[in-house]
Amino acid sequence: MATTTASNLALLLPSTLHSRVRLPTRLLRAPRASPLRLSTAAASSGSRTLTSPASSEAPEAAEELRLETESALEWGGVCARLADFAATAAGRAACAEGRVPVGRSREESERLLEQTAAAVALLSSLTPLDFGGVGDVSAVVAAAARGRLLAVREICGVGRSLRAARGVFEQLNGLAEEMPDRRYSPLVDILQDCDFLTELVQMIEFCLDSNLSMVLDQASDKLGTIRKERRMNIDVLESLLRDASTKIFQAGGVDSPLVTKRRSRMCVGVKASHKHLVPGGIVLSSSGSGATYFMEPRDAVQLNNTEVKLAGDERAEELAVLGLLTSRIADSRLKIRHLMGKILELDLACARGSYALQINGVRPAFSDRDNSTRLDPSSACSVFIEGIQHPLLLEQFRGIVKESDAEVGNGQLSDEVCVSAMPVPLDMRVKNDTRIVVISGPNTGGKTATMKTLGLASLMSKAGMFFPAKGRPRLPWFDQVLADIGDHQSLENSLSTFSGNISRLRKIVQVVSKDSLVLIDEIGSGTDPSEGVSLSTSILKYLASRLNLAIVTTHYADLSRLKSVDDRFENAAMEFCLETLKPTYRILWGSTGNSNALSIAKSIGFDQKILDRAQEWVEKLLPDKQKERQGLLYDSLRDERNLLESQANEAASVLSDVEGLYNEILSEADDLGSRVAALRAIESQKVQQELKFVKTQMDLIIKNFEVQLQNSKLEQYNSAMRKAEAATASLAAAHQPTEFTFSDDENKSSYVPKIGDKVYVEGLGGGSTATVVEILSEDGSCIVQYGKIKARTKNNKMKLAQRDAKETSASSVQRKGRTVKRSPAEATQGASISFAPAVQTSKNTVDLRGLRVAEASHELQMAIDGCRSYQVLFVVHGMGTGAVKECALGILRSHPRVAKIEDESPLNYGCTVAYIE
């Protein structure tokens with residue numbers, strides 16, 4: 001019976017056994033659907049590279065060109081680098097096989113770029129997602145769909161992956177909720193609508209133990225009952241056999257008690273000569289020498305039969321549970337495949353983010369030829385990329401650096417290695433109306449590398465990957481990238497070099513579309529130059545109206561002249577240094593380059609006599625005027641580039657200084673609240689100290705009055721009382737805050753403020769004075785400064801506190817807390833001079849603390865001489881003994897460039913502010 005049940009389970013998944021299984025939640029079985037083949041998300045999405053509408057006309061040619069282009073541009077190398085950052089087995093396999101999803105439309109590529117940007121932000125915060133536990137279950141789910149009974153380990157792997165997927169979503173969702181700017185929303189959206197099959201996971205965990213890889217007793221009522229009966233039967237059987245084996249041992253029938261299992265039945269060991277000690281027993285087997293028999297006692301036969309039957313029933317019930325779980329997995333195969341595909345998409349997005357951080361990549365933007373604006377100069381170019389480096393060459397350079405560091409051991413790299421290995425950044429600028437770019441220049445000058453870099457950047461941007469460049473690169477979205485690079489000679493197919501190239505060009509012409517990028521290396525080579533030029537010209541003119549952009553390299557000067565007759569063509573040249581006879585690998589847009597074959601031949605040690613003869617032929621074939629024009633154009637372009645580089649470096653330096661100053665001012669502004677709080681605390685402490693002092697004085701007055709009362713006579717009482725009252729009034733007057741009110745009569749007074757006046761300002765607080773620093777004649781108001789705070793106030797809101805009568809236009813005015821010195825020019829201009837804001841930064845501060853008087857004097861003189869006109873200089877002299885302070889004040893009062901100074905204030909102790917003319 002058990003054998004029959006097991007065989008049926010092996011052939012057919014159970015459809016009625018779910019009634020036996022007791023689960024934590026009620027689950028209903030759906031009818032079995034026909035098995036479907038599972039695949040990864042990358043394969044199911046069908047988002048492969050280089051698909052286009054034109055490929056429907058020639059699918060075989062388009063697919064062949066796609067594979068050859070990916071091979072020529074080394075797209076597989078980029079995918080292999082990306083595999084190093086994938087966290088799941090499915091992600092690593094997809095990258096290793098080149099199945100990285102690439103946008104089939106511009107919108108899909110934009111979505112991939114947004115995912116990468118969100119991943120970069122997530123990884124920059126040092127909070128990577130935990131993909132641990134997510135396995136590649138596609139093969140297991142496919143086997144379940146085909147009807148194969150899954151093992152416990154396989155089912156547990158599915159449940160573990162589903163639970164780990166939910167854990168990833170919960171972690172990501174928690175991180176997103178902490179960020180109000182929704183920077184992680186592109187990643188959250190990937191898993192937002194996924195079904196994590198919680199009931200299936202609970203069912204698997206309820207029925208199976210993933211650590212022991214076994215079916216649990218609670219999986220079904222019958223299984224629990226069978227295992228309980230089996231344990232009880234085993235206990236009785238083992239007890240019986242132990243007693244029998246002990247008796248045999250005591251009778252000398254065996255060297256030691258032995259209970260074992262033979263032919264799936266429990267038995268005891270006994271010597272062959274003592275077989276009679278087990279009367280009625282059944283010999284199951286014997287030892288190799290035949291000296292020991294393994295016998296089943298008569299009383300154990302029925303117990304062994306029960307054990308065999310229960311073991312079969314247990315196995316049948318386990319198969320039933322596994323069959324039910326297998327069917328549930330098969331029924332949920334579409335949801336599992338969808339969820340694992342989304343996990344793969346999220347893993348690849350995080351891998352792209354890690355790779356972008358590794359290569360310092362920047363996010364590209366897709367350009368539109370028709371959306372150019374004057375505000376953005378780069379919008380006039382369909383391709384605008386600054387400082388791009390080939391990612392594979394960059395990785396190779398970093399590998400050389402690491403190897404050199406390991407060899408040298410000091411973390412430094414020799415100049416020779418850096419110069420030879422570091423890829424040169426390239427600037428690419430293709431105007432909107434340009435369709436064909438013809439690149440000329442010397443061999444080994446970088447023409448092909450430049451073309452490959454642009455092609456690889458196009459594929460990476462379509463796949464949502466960042467590439468190493470500067471700023472915000474812009475390039476069109478290309479539906480196809482078609483390349484004819486390398487030698488396609490084939491002896492097997494009877495193709496010469498020229499035939500192979502022409503065959504490839506024929507396929508490109510056949511499948512090209514309006515949004516395609518075409519890369520052609522050495523077009524028209526391998527045949528007669530005149531025929532090659534003619535054929536190349538015809539092909540390029542045909543393609544100019546049928547594609548988005550084509551990059552062509554050539555040594556034919558006639559192709560570079562097409563620009564003069566067709567505005568859709570543009571020239572570019574690879575720079576060659578005639579002094580070192582080596583290429584610089586920089587591209588010069590708008591110019592025509594020479595092949596420099598003779599210079600290269602000379603640099604590798606060719607016979608000079610042969611080169612001189614070749615130069616004579618070149619001069620005969622090249623007209624003098626054309627030679628002179630090319631030389632002048634090359635020199636002018638090189639000078640212009642050097643000038644632009646110098647101006648760019650200067651602008652970058654100024655920008656850095658401005659950013660530093662801005663950050664210091666921002667820091668000062670952020671710290672203003674704490675400084676005000678500290679000042680209030682100091683003022684509060686002073687008030688408390690003053691109150692304590694007043695209380696002490698009052699206690700002393702009262703004590704003296706009481707003493708006088710005790711020692712004086714009655715007629716002296718009034719005199720003592722008057723003295724006490726006078727002392728009390730004097731003490732109160734000394735500590736009474738001065739409050740100033742502004743009556744209507746005073747508001748109508750004829751007070752005219754002057755720069756340097758100390759005034760009481762309404763609302764500032766009794767006894768606190770401010771200084772007039774600027775007169776605004778247009779509305780009868782002025783600017784006053786209290787410490788470091790400047791405010792604008794009306795004249796009728798001020799009252800003069802102090803003004804020196806000796807103030808003249810040619811002498812300096814000494815006031816408490818301020819020294820104002822005015823030059824003859826100021827006497828005529830009055831308050832028209834405006835100085836920079838009195839905000840202290842590291843740029844306008846000279847610190848004299850800790851210096852000797854002579855050193856401080858020299859430092860201050862140098863600071864004043866180096867200060868620009870109408871700037872503010874903060875001189876920090878500290879408190880100390882006062883020697884440095886007196887020296888600094890003396891220099892400031894006598895220096896001809898110092899217009900006025902402000903001594904230390906409650907907000908700035910130990911610092912004097914000087915206004916420099």
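Colleague: Which residue in β21 stands opposite E774?

Modeller: I783 in β21 stands opposite E774, and this bridge is one of five that join β20 to β21, which run antiparallel. The model is predicted, with local features requiring pLDDT of at least 70 and side-chain atom pairs pLDDT 80 or more, while totals for chains, interfaces and linings use all residues. Residues are numbered from 1 along each chain as its sequence is written, and side-chain values use heavy atoms, with hydrogens and water left out. Strands (E, at least two residues) and helices (H or I, at least four) are DSSP runs numbered from the N terminus, and two strands pair if DSSP finds at least two bridges between them.

Colleague: How many bridges pair β19 with β20?

Modeller: Strands of a sheet pair through backbone hydrogen bonds, either parallel or antiparallel. Here β19 (residues 758-761) and β20 (residues 769-776) are antiparallel over three bridges, with T771 in β20 as the bridge partner of K758.

Colleague: Is Q785 buried or exposed?

Modeller: Q785, which lies in strand β21 (residues 781-786), is buried because its relative accessible area is 6%, where buried means under 20%, exposed over 50% and partly exposed in between, with a 1.4 Å probe and protein chains only. Leaving aside neighbours within four places in sequence, Q785 is in contact (heavy atoms within 4.5 Å) with A770, T771, V773, K790, A838, E902 and Y915. Its side chain also makes a polar contact with the side chain of Y915 at 3.5 Å; such a contact is a pair of N or O atoms within 3.5 Å, and within protein one must be able to donate a hydrogen and the other to accept it, residues adjacent in sequence counting only if both atoms are side-chain atoms.

Colleague: What is the handedness of the crossover from β26 through α27 to β27?

Modeller: A crossover is right-handed if, with the strands pointing away from the viewer, the path from the first strand over the helix to the second runs clockwise. Strand β26 (residues 845-847) runs parallel to β27 over three bridges, T845 standing opposite F874 in β27. The chain passes from β26 through helix α27 (residues 853-866) to β27, and this β-α-β crossover is right-handed. Strand β27 (residues 871-876) also has six bridges to β29 (residues 911-916), in the antiparallel sense, with T912 as the partner of V875, and five of the six residues of β27 are buried.

Colleague: What span should the 16 residues of helix α18 have?

Modeller: The expected span of a helix is 1.5 Å times one less than its number of residues. For α18 (residues 529-544) this should be 22 Å, and its end C-alpha atoms are 22 Å apart, which agrees. Its buried residues include G532, V533, S536 and T537.
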